[in-house]
Amino acid sequence: MDTSQFCKIFRYFCRRIDENCMKKGKISGSEALLRTLIAEGVDTIFGYPGGQAIPIYDSLYDYKDKLRHVLVRHEQGATHAAQGYARVSGKVGVVIVTSGPGATNTITGIADAMIDSTPMVVITGQVASSMLGTDAFQEVDMIGIALPITKWAFQVRSADEIAWAVSRAFYIASSGRPGPVLIDIAKDAQVGMIDYIYEPVRFIRSYQPVPEIDNEAIAAAAAMIDGARKPFALVGQGVILSGAEQQLLAFLEKADIPAATTMLGLSALPSDCRLNKGMLGMHGNIGPNRKTNLCDVLIAIGMRFDDRVTGDLNAYARQAKIIHLDIDVSEIGKNVAVDIAVPGDAKETLAAITAQLTPARHSEWIASFDTDEKEENEKVIRRETMPETGALRMGEVVRKVSEATGNDAVLVTDVGQNQMMGVRYFKFKQTRSVVTSGGLGTMGFALPAAIGAKIGAERRTVCCFVGDGGLQMTIQELGTIMQEDLNLKIILLNNNFLGMVRQWQELFWNERYSFTPMDNPDFVAVAKAYRMGARAVSSRDELDDAIREMLDYQGGYLLVANVERDGMVYPMVPAGKSLDTMIVE
């Protein structure tokens with residue numbers, strides 16, 4: 001018997017086994033996976049097929065009317081797209097890839113999601129369980145790799161584990177402080193036939209996602225805030241993840257407390273809210289940074305005192321009493337010692353504190369921010385966003401795009417100067433309007449993340465700001481935009497440099513521009529090759545018209561803004577320095 005005859009006989013018996021199983025009401029592990037995803041509310045999957053995931057993709061062929069599969073061009077792109085989808089929609093992002101390099105290509109996105117608290121379930125194919133540990137073709141120990149950068153990682157070796165594992169994964173990824181989960185499914189588990197039973201997981205005995213409210217801490221926090229003369233609130237992404245935007249506003253209004261946000265906390269408050277004083281951190285606004293070291297009570301809400309926010313911890317808010325509200329108790333006191341710890345969901349703890357507050361007015365304290373705002377406007381903002389001569393500046397491009405969208409679009413940024421300019425000068429009217437890589441700082445994040453954001457918020461305008469370095473790290477995802485026919489707006493701030501590294505080289509490394517200048521392709525030609533609209537501008541006289549053309553265009557569009565080569569992002573707190581040592585100009 002030759003090989004071809006054997007294969008025919010093998011396929012025949014496989015079909016007979018499958019037919020008998022179907023008659024008995026059994027389904028494959030792959031179909032159990034898809035049914036469980038649907039039961040968990042999934043409507044979109046970002047993925048890339050491969051050998052050890054073929055059974056899943058074969059089953060997916062019959063579920064195309066229930067599950068939208070977005071074929072990315074690289075597995076890292078799948079994870080960033082899932083992140084963008086999750087950040088704007090509030091749902092769990094889902095990724096399906098194959099084993100080996102397909103699985104390892106997701107690691108950057110998983111790590112990014114972990115540090116930025118983004119709910120995501122990554123499903124990887126794996127070799128058959130009988131081959132585990134044999135160094136089989138495309139076998140990788142994904143559980144060992146993923147454990148340090150996930151909330152939970154689990155390997156499925158039997159089809160009857162799939163429904164349980166996937167439901168558990170969604171519960172863990174979306175509850176408490178959100179984050180990524182990885183499920184590694186052996187190929188024999190994908191093809192095994194089972195009686196399908198779905199039971200949603202809503203409780204795990206060893207896992208307490210939300211700590212109980214400490215009523216004594218609530219009362220103590222309210223009393224401390226009532227006694228404050230110069231209270232100041234630091235708002236992080238935890239407010240958005242909790243859905244506590246209205247509770248935050250009620251809290252701030254009742255106690256008349258000025259607030260500033262972390263980069264990921266942007267859009268928790270509307271940009272024009274009278275109590276919103278801007279952004280904290282290395283490239284944050286002057287007022288919030290200075291007032292951190294002048295306030296008497298500092299209220300941190302859903303933020304983790306990242307080093308980019310605090311600068312030198314030895315000089316950080318030494319004069320202030322500190323109250324920290326967070327759902328993750330491990331973050332409280334980790335970087336900054338606090339006077340009152342308030343564990344719990346921000347939506348609940350904010351409401352509880354607000355109920356015990358005495359209405360207050362801090363008019364003089366709030367007015368003191370005006371001096372800082374005036375200084376920043378004169379020394380930084382006007383020069384950057386409203387120049388009259390010279391080359392195009394990054395800030396003016398961001399401002400004009402934001403204004404052209406009515407300050408109501410979703411901002412997606414890459415990492416670098418484009419990121420800092422984007423978050424500084426784009427404005428927001430509603431929550432979940434910022435998608436960027438915070439803790440990991442992943443170049444190449446923006447383009448695939450914008451794809452996910454557009455799919456997660458189809459009715460909103462999505463503006464993706466990238467630099468020439470970051471764009472070329474994931475430029476292949478232009479193919480995904482083309483295939484999905486996405487009406488996505490990409491603005492390339494092109495300065496032919498790795499701009500942020502160049503800025504550091506200029507300020508701190510004696511202007512030794514080591515391998516930061518870039519020779520770039522014709523980006524317009526590249527975009528048109530992907531059947532997108534495209535235009536390049538170098539003059540501010542044509543900028544307004546180009547922006548209108550971009551926004552009116554029905555489909556993907558790349559606007560290449562050729563900006564000044566030596567642009568700088570100010571203000572800037574040098575790394576490891578006190579917030580009082582800002583470089584303003």
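**Reading the features**

Modeller: D485 has its place in the loop between α22 (478-484) and β18 (489-494). Helices (H or I, at least four residues) and strands (E, at least two) are DSSP runs numbered from the N terminus. This is a predicted model, in which local features need pLDDT of at least 70 and side-chain atom pairs count only at pLDDT 80 or more, while totals for chains, interfaces and linings use all residues. Residues are numbered from 1 along each chain as its sequence is written, and side-chain values use heavy atoms, leaving out hydrogens and water.

Colleague: What is the phi of D485 near, and does D485 count as exposed or buried?

Modeller: Most residues other than glycine have a negative phi, and most peptide bonds are trans. D485 has a positive phi near 55°, although it is not glycine. D485 is exposed, because its relative accessibility is 61%, where exposed means over 50%, buried under 20%, and partly exposed in between (1.4 Å probe, protein chains only).

Colleague: Which two residues does a cis peptide bond join?

Modeller: Y570 and P571 are joined in this way, with omega at about -5°. P571 belongs to the segment after β20 (557-562).

Colleague: Where is the place of Q138, and what is its phi near?

Modeller: Q138 sits in the loop between β5 (120-126) and α7 (142-146). Its phi is positive, near 60°, and Q138 is again a residue other than glycine. Q138 counts as partly exposed because its relative accessibility is 26%.

Colleague: Which residues of helix α6 are buried?

Modeller: An α-helix has 3.6 residues a turn, so residues three or four places apart point the same way. In α6 (residues 107-115), the buried residues are G109, I110, A111, D112 and A113. Their cover includes α4 (75-89), β5 and β7 (180-186). Just after α6, S117 has a positive phi of about 55°.

Colleague: What volume does the second largest pocket have, and which residues lie nearest its centre?

Modeller: Rolling a probe the size of a water molecule over the atoms shows where empty space is left. On a 1 Å grid over the protein atoms alone, a cavity is a set of points where a 1.4 Å probe fits but cannot get out; a pocket is an open set with protein on both sides within 12 Å along at least five of seven lines, and lining residues have an atom within 4 Å of a point. Grid points are joined across faces, edges and corners, and a volume is the space filled by probe spheres set on the points. The second largest pocket has about 700 Å³. Its lining comprises 29 residues, with S271, G278, N285, R424 and K427 nearest the centre. Helix α17 gives the largest share of that lining, five residues. The lining has 10 nonpolar, 10 polar and nine charged residues, with Ala, Val, Leu, Ile, Met, Phe, Trp, Tyr, Cys and Pro taken as nonpolar, Asp, Glu, Lys and Arg as charged, and the others, Gly among them, as polar.

Colleague: How many cavities of 30 Å³ or more are there?

Modeller: The count is two. The largest cavity holds about 60 Å³, and its lining includes R87, Q237 and R432. The second largest cavity has about 40 Å³; among its lining residues are M282, D307 and P574.

Colleague: How many helices and strands are there in the chain?

Modeller: The chain has 25 helices and 20 strands. Its radius of gyration, taken over C-alpha atoms, is 26 Å, close to the 25 Å that the globule rule gives for 585 residues, so the chain is as compact as a globular protein of that length. That rule is 2.2 Å times the number of residues to the power 0.38. Of the 585 residues, 58% count as buried.

Key:
Contact means heavy atoms within 4.5 Å.
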